[in-house]
Amino acid sequence: MIQARHLKKEYKKKYAVNDLSFTVETGKVTGFLGPNGAGKSTTMRLMLGLDAGTGKTTFDDKPLHSYAQPSKVVGILLEAKAFHPTRTARQHLKILAAAGNIPMGRVEEVLDIVGLKEVGKKGPGKFSLGMSQRLGIAAAILGRPKYLMLDEPANGLDPEGIAWLRDFLKAYADEGNAVFVSSHLLSEMSQMADNVVVIGRGQLIADTSITELLAQNAHAGVLVRSPKLNQLEKLLHAQKVVLSKSAEGLLVSGVSSDVIGKLAFEHGVPIYELAPQTASLEDVFLELTADAGEYKGKSEAAK
Amino acid sequence: MIASIRAELRKLLTVRSTYLIFLGCLAIIVLFAGYGDGIRASAASLRNPNQLAQESYSAILFVGLIIALVGLLSFGHEYRYNGIMYTLTASNNRLKSLAAKAIVVTIFAVITSVIFALFSPLCNILAIHFSGKRLGPQSFDVWDVLWHCVFVGWGYAMYAFILVAIIRSQVGAIVMFLLIPLIGETILAAVFKDLGKYLPFTSLQSVTPGSLVALPANLAHYVTVSLIYIGGGLLVSAVLFARRDAN
């Protein structure tokens with residue numbers, strides 16, 4: 001697993017990352033979420049030792065620089081257009097293969113995996129953003145690393161590309177590897193990630209599984225419709241649950257629909273609807289980061 | 001380390017600019033040594049027993065400055081296109097990466113310096129021959145000419161390398177690299193007079209016998225001053241490269 005401990009980075013007396021600690025487990029895809037300017041990219045760079053800062057990151061209990069061939073331990077995609085524009089895509093990968101002591105035959109394999117074999121002899125300067133991302137992913141998986149760290153890899157990918165990326169990363173993690181991926185596509189992340197690390201203003205907000213995150217959210221619970229809501233509310237109060245009334249009915253959090261149904265039945269309260277409600281990752285993300293956004297837009301009307 | 005050197009060599013040899021600059025340098029040599037000093041050679045230069053050696057020195061003093069840009073670009077591209085993050089995550093030691101770059105730039109500078117040092121007099125001989133003129137007896141100690149030329153060519157390449165390592169901006173480093181010897185040191189030498197013999201480019205250029213700069217110092221002085229600048233510059237580059245953010 002990757003363990004990041006007490007990461008800290010200061011820019012001009014302002015913390016970009018402040019005492020950030022979290023774990024990325026093997027066999028899972030871990031999403032890395034945060035508003036713009038939250039410090040996601042800086043965190044990844046700190047973890048890789050690209051930026052000077054304090055704190056420690058270990059990959060299987062060892063710092064990255066203690067491995068003889070780091071590119072076989074962690075594959076990175078931090079920027080889609082990180083290549084020379086006129087050097088061919090194939091040559092770009094061959095350079096990385098040479099640097100990481102990776103057999104040259106692997107270059108053709110990864111070009112094939114990401115679907116760029118046809119354009120391998122072209123300079124990537126004219127590649128679309130999506131094609132550039134694919135080249136970046138090819139570079140990341142070149143050394144068959146146990147860990148992948150990808151910063152916004154879905155940016156610029158078409159729907160087919162996003163679906164491919166999702167399946168690819170899930171399969172990669174299922175092979176016993178760990179994938180740490182940041183994205184602003186929250187619906188994608190909710191389908192892809194097992195765990196999430198949420199940060200805001202450089203600080204940790206949540207480090208948990210997607211399931212737990214969604215279950216703990218205020219929007220999650222059971223929606224109850226009944227002609228005797230007041231009576232049911234009194235009964236539920238005794239169960240130490242969180243209740244909120246709405247036009248649709250009563251939202252009950254902290255207890256399962258089975259318990260509510262049984263309680264209603266025992267006290268003869270008729271139930272019209274008992275519907276488990278799940279919050280979307282977007283709801284949860286917006287709620288968690290409500291005060292953590294560095295840059296916020298306004299509507300035209302609000303000006 | 002070997003893997004890093006192999007990767008750096010590939011970087012250098014897989015960009016167009018390497019070949020364009022190299023061919024451009026050869027074209028300049030053909031123009032000056034072949035046409036200017038060959039086809040249009042004066043009677044005095046045809047009688048000069050050091051004519052061919054001077055062709056080698058002139059070539060390295062001028063095109064050596066241009067070919068040094070190849071090393072600068074190879075390193076500068078990494079910052080410009082952010083490939084530096086791949087370089088640093090592929091290696092477990094930043095200093096190894098820097099050393100690999102310096103070694104590759106050195107190899108390239110030595111090879112191209114030898115080529116230019118030999119190509120320039122060859123061009124001159126051929127041009128004189130085909131224009132029906134006759135070159136007087138020549139004194140051309142190959143090894144002596146080569147070591148002077150290689151030292152200056154390598155020195156230029158190291159200065160360029162150090163500048164880009166410190167500045168981390170390709171354009172900024174190119175501007176500095178061309179401005180310092182062509183304008184900066186000319187002004188400084190005029191202001192400081194004899195102290196000009198301690199300036200980096202002036203010292204390096206003075207390693208070639210009969211260079212444009214004529215200051216009261218011997219060859220050992222110029223070699224030592226140049227080596228101190230290169231050594232000190234590499235040390236500063238190494239410290240900064242190891243400590244700074246990779247961008």
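**Ground rules.** I am working with a predicted model, where local features need pLDDT of at least 70 and side-chain atom pairs count only at pLDDT 80 or more, while totals for chains, interfaces and linings use all residues. Residues are numbered from 1 along each chain as its sequence is written, chains are lettered from A and ligands numbered from 1 in the order in which they are written, and side-chain values use heavy atoms, with hydrogens and water left out.

**Interface.** I looked up contacts (heavy atoms within 4.5 Å) and found 24 residues of chain B touching 34 residues of chain A. The buried area is about 2,500 Å², with 57% from carbon and sulfur atoms; this is the accessible area (1.4 Å probe) that two parts lose on being put together, summed over both.

I then counted polar contacts between chain B and chain A and got 11 residue pairs, both at pLDDT 80 or more. Helix 1 (2–13) and helix 5 (84–90) of chain B are the elements that give two or more residues to the side touching chain A. That side of chain B divides into 9 nonpolar, 7 polar and 8 charged residues.
For polar contacts I used N or O atoms within 3.5 Å; within protein, one must be able to donate a hydrogen and the other to accept it, and residues adjacent in sequence count only if both atoms are side-chain atoms. Helices (H or I, at least four residues) and strands (E, at least two) are DSSP runs, numbered from the N terminus. Nonpolar means Ala, Val, Leu, Ile, Met, Phe, Trp, Tyr, Cys and Pro, charged means Asp, Glu, Lys and Arg, and polar means the others, Gly among them.

**Salt bridge.** How many cross the interface of chain B and chain A? The rule (a side-chain nitrogen of Lys or Arg within 4 Å of a carboxyl oxygen of Asp or Glu) finds 1. Lys9(A) and Asp245(B) form a salt bridge at 2.9 Å, N to O.

**Helix 6 of chain B.** I noted 37 residues (94–130) spanning 53 Å from first C-alpha to last, close to the 54 Å expected, taken as 1.5 Å times one less than the number of residues. Asn93(B) caps the N-terminal end, with a side-chain oxygen 2.8 Å from the backbone nitrogen of Leu95(B). Just after the helix, Gly132(B) has a positive phi of about 80°.
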